[in-house]
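This report describes one protein chain, from its overall layout to a few pairs of side chains. Please look over the sequence and the structure before reading on.

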Amino acid sequence: MANRTIEAEHEVELRCRAFSRLTGRSALADVGNSASAALRVLHDLASSTATAPDALAVLHELQVHQVELDLQDENLRTALAELEADLNRQRDLYDLAPVACFTVGPGTAIDEPNLAAARLLGCERDALRGQPFDSFIAANSGETLQGMLARVGPDKHPECRRLNLSLRDGTERTVWASVNADPVSGRYRVALMALEGFEQ
């Protein structure tokens with residue numbers, strides 16, 4: 001609603017400026033009240049031999065401007081559709097990646113887990129959000145995780161270490177963990193890959 005109000009105010013301003021340009025006088029209050037009022041002014045000016053050339057030039061200019069706006073609108077809609085398609089592709093790639101991925105904040109609360117993270121940690125994805133990642137870490141890997149988070153920074157390479165997970169069902173798993181900083185959000189991006197089946 002606020003955007004529509006701003007657009008309407010902009011249209012009124014444009015009509016008043018057009019009236020002033022055509023007549024050399026300040027715009028009347030009713031010029032901006034409706035499109036029909038603006039067209040009446042333009043018609044009256046085009047009907048006069050003294051102002052007809054200027055009125056027709058402004059009308060042509062407005063028509064060209066309208067075509068330009070229509071083309072720009074079409075280009076923006078196309079670009080938006082392409083961006084949305086790219087975003088959906090990236091979301092699918094993230095969600096369906098074979099590596100467990102999520103972000104954590106300073107308190108290690110899990111956010112944005114993908115499907116592999118939910119499978120690896122043994123929780124539904126929605127239930128996983130907000131849970132502290134360090135509650136899934138075995139006691140012998142707690143210091144390793146905290147050290148990784150302390151050392152990683154926006155200008156540093158990812159920290160990669162083995163971590164032992166202690167899952168809710170009582171089992172333990174060893175994973176290869178990569179942690180790097182997200183400079184935009186101030187959080188950490190975490191990727192986990194289970195080592196079972198990859199080591200001989």
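Predicted model: local features only at pLDDT ≥ 70, side-chain atom pairs only at ≥ 80, totals over all residues.

Residues are numbered from 1 along each chain as its sequence is written, and side-chain values use heavy atoms, with hydrogens and water left out.

**The chain as a whole**

The chain has 6 helices and 5 strands. Helices (H or I, at least four residues) and strands (E, at least two) are DSSP runs, numbered from the N terminus. Along the sequence their pattern is α-α-α-β-β-α-α-α-β-β-β. Of the 200 residues, 28% are buried; buried means under 20% relative accessible area, exposed means over 50%, and partly exposed lies in between (1.4 Å probe, protein chains only). The chain exposes about 13,300 Å², and carbon and sulfur atoms supply 56% of that area. Accessible areas come from the Shrake-Rupley method with a 1.4 Å probe, and for residues only the protein chains shown count as cover. Among contacts with a separation of 6 or more, 32% join residues 24 or more positions apart; contact means heavy atoms within 4.5 Å.

**Helix α3**

Helix α3 has 44 residues. From first C-alpha to last, α3 reaches 63 Å, close to the 64 Å expected at 1.5 Å a residue. The expected span is 1.5 Å times one less than the number of residues. Ala-52, Ala-55, Val-58 and Asp-95 are buried in α3.

**The sheet**

The 5 strands form an open sheet in the order β2-β1-β5-β4-β3, with antiparallel pairing. Its edge strands are β2 (110-111) and β3 (159-166), each of which pairs on one side only. Two strands pair if DSSP finds at least two bridges between them. Strands β3 and β4 pair over 8 bridges in the antiparallel sense, and Asn-164 stands opposite Thr-174 in β4. Helix α6 (residues 142-151) lies across β1 (100-104), β3, β4 and β5, and runs at about 150 degrees to β3. For such angles, axes are lines fitted to C-alpha atoms, for helices over the stretch in contact, and the angles run from 0 to 180 degrees between N-to-C directions.

In the loop between β4 (172-181) and β5 (188-194) lies Asp-182. Asp-182 is buried, at 16% relative accessible area. Apart from neighbours within four places in sequence, Asp-182 is in contact with Arg-187, Tyr-188 and Arg-189.

**Salt bridges**

Side chains of opposite charge can pair when their charged atoms come close. The structure holds 9 salt bridges, a salt bridge being a side-chain nitrogen of Lys or Arg within 4 Å of a carboxyl oxygen of Asp or Glu. The table lists some of them.

| Pair | N to O distance |
|---|---|
| Arg-89 and Asp-86 | 2.0 Å |
| Asp-95 and Arg-125 | 2.8 Å |
| Glu-159 and Arg-161 | 3.4 Å |

Arg-89 and Asp-86 are 3 residues apart in helix α3 (residues 52-95), so about one helical turn separates them. Arg-89 is partly exposed at 48% relative accessibility, and Asp-86 is partly exposed at 36%.

Asp-95 in helix α3 and Arg-125 in helix α5 (residues 125-128) are 30 residues apart, and their pair links distant parts of the chain. Asp-95 is buried at 17%, whereas Arg-125 is partly exposed at 22%.

Glu-159 is buried at 13% relative accessibility, while Arg-161 is partly exposed at 35%. Elsewhere, salt bridges that share partners join Asp-111, Glu-112 and Arg-187 into one network.
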